[in-house]
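Thanks for coming. I have one structure to go through today, and I will keep to what can be read from the coordinates. Please have a look at the display before I start.

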Amino acid sequence: MTYRIGKSFTFDAAHYLPSLPPEHKCSRLHGHTYTVEVVLSALYLTPPGFVTDFAELRPLKHYVDSTLDHQHLNKVLDSEPTSENLARHIADWFRENVEPSIPARLESVRISETPSSWAEYVVPQS
């Protein structure tokens with residue numbers, strides 16, 4: 001049996017996708033209110049019955065607020081700032097900076113640019 005939890009964060013940022021044709025609306029600078037959702041899992045619960053304490057995800061909230069919120073994502077990411085690339089970027093940061101200090105494993109990161117669309121990066125199993 002596997003236990004899973006999820007936590008969502010929001011931030012506002014601007015970006016454009018330079019590889020798109022000039023007539024594509026996303027080739028122009030525009031902004032979104034992004035939602036980041038992380039899903040974590042564990043085979044066993046830690047006392048008092050957690051996958052991990054939600055408070056242990058505070059470093060991710062701080063990273064989102066200090067690095068991504070109200071930023072120009074083309075200047076933050078090393079790749080084109082699509083939702084797919086943003087999900088991978090956040091997953092890589094989380095695995096390096098948060099996962100080693102918690103009892104859970106990151107399963108996926110989902111990014112929504114709008115309430116009706118999302119992209120997800122599923123972390124490979126090791």
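First, the ground rules. This is a predicted model, in which local features need pLDDT of at least 70 and side-chain atom pairs count only at pLDDT 80 or more, while totals for chains, interfaces and linings use all residues. Residues are numbered from 1 along each chain as its sequence is written, and side-chain values use heavy atoms, with hydrogens and water left out.

Now the layout. The protein has three helices and five strands; helices (H or I, at least four residues) and strands (E, at least two) are DSSP runs, numbered from the N terminus. Their order from the N terminus is β-β-α-β-α-α-β-β. The C-alpha trace spans about 55 × 25 × 25 Å along its principal axes. Of the 126 residues, 37% count as buried, where buried means under 20% relative accessible area, exposed over 50%, and partly exposed in between, with a 1.4 Å probe and protein chains only. Taking contact as heavy atoms within 4.5 Å, residues 24 or more positions apart account for 65% of the contacts with a separation of 6 or more.

Next, the sheet. Its five strands form an open sheet in the order β3-β1-β2-β4-β5, with mixed pairing; two strands pair if DSSP finds at least two bridges between them. The edge strands are β3, residues 71–72, and β5, and each pairs on one side only. β2 and β4 run antiparallel and are joined by seven bridges. Glu37 stands opposite Arg110 in β4. β4 and β5 are also antiparallel, over six bridges, and a hairpin of two residues joins them. Here Ser112 has Trp118 in β5 as its bridge partner. What lies over the face of Trp118? That is Arg110, at 3.6 Å from the ring centre. The criterion for a charge over a ring is NZ of Lys or CZ of Arg within 6 Å of the ring centre and within 35 degrees of the ring normal.

On to helix α3, residues 83–97. The helix has 15 residues and reaches 21 Å from its first C-alpha to its last, close to the 21 Å expected; that expected span is 1.5 Å times one less than the number of residues. Which residues of α3 are buried? They are Ser83, Leu86, Ala87, Ile90, Ala91, Trp93 and Phe94. Seen down the axis, these buried residues fall within an arc of 165 degrees, so they line one face of α3; the arc is that of the directions from the helix axis to the C-beta atoms. In general, an α-helix has 3.6 residues a turn, so residues three or four places apart point the same way. The buried residues of α3 pack against β1, β2, α1, α2, β4 and β5.

Two of these residues are worth a look. Ser83 counts as buried at 8% relative accessibility. Beyond its neighbours within four places in sequence, Ser83 is in contact with Tyr34, Ile111, Glu113 and Ala119. Phe94 is buried, with a relative accessible area of 0%. Not counting residues up to four places away, Phe94 touches Leu40, Leu57, Leu60, Glu99, Ile102 and Leu106. The C-alpha atoms of Phe94 and Val38 are separated by 9.4 Å, although the two residues are 56 apart along the chain.

Now the rings. How many aromatic pairs does a search of the whole structure find? The search finds two. Rings of Phe, Tyr and Trp (its six-membered ring) pair if their centres lie within 6.5 Å; planes under 30 degrees apart count as stacked, over 60 as edge-to-face and the rest as tilted. Phe11 and Tyr34 are stacked, at 4.9 Å centre to centre and 10 degrees between the planes. Tyr63 is in helix α1 and Trp93 in helix α3, 30 residues apart, and both are buried.

Last, the backbone. The peptide bond from Pro47 to Pro48 is cis, with omega near 5 degrees, and Pro48 is in the loop between β2 and α1. His70, in the loop between α1 and β3, has a positive phi of about 55 degrees although it is not a glycine. His70 is exposed, with a relative accessible area of 61%.
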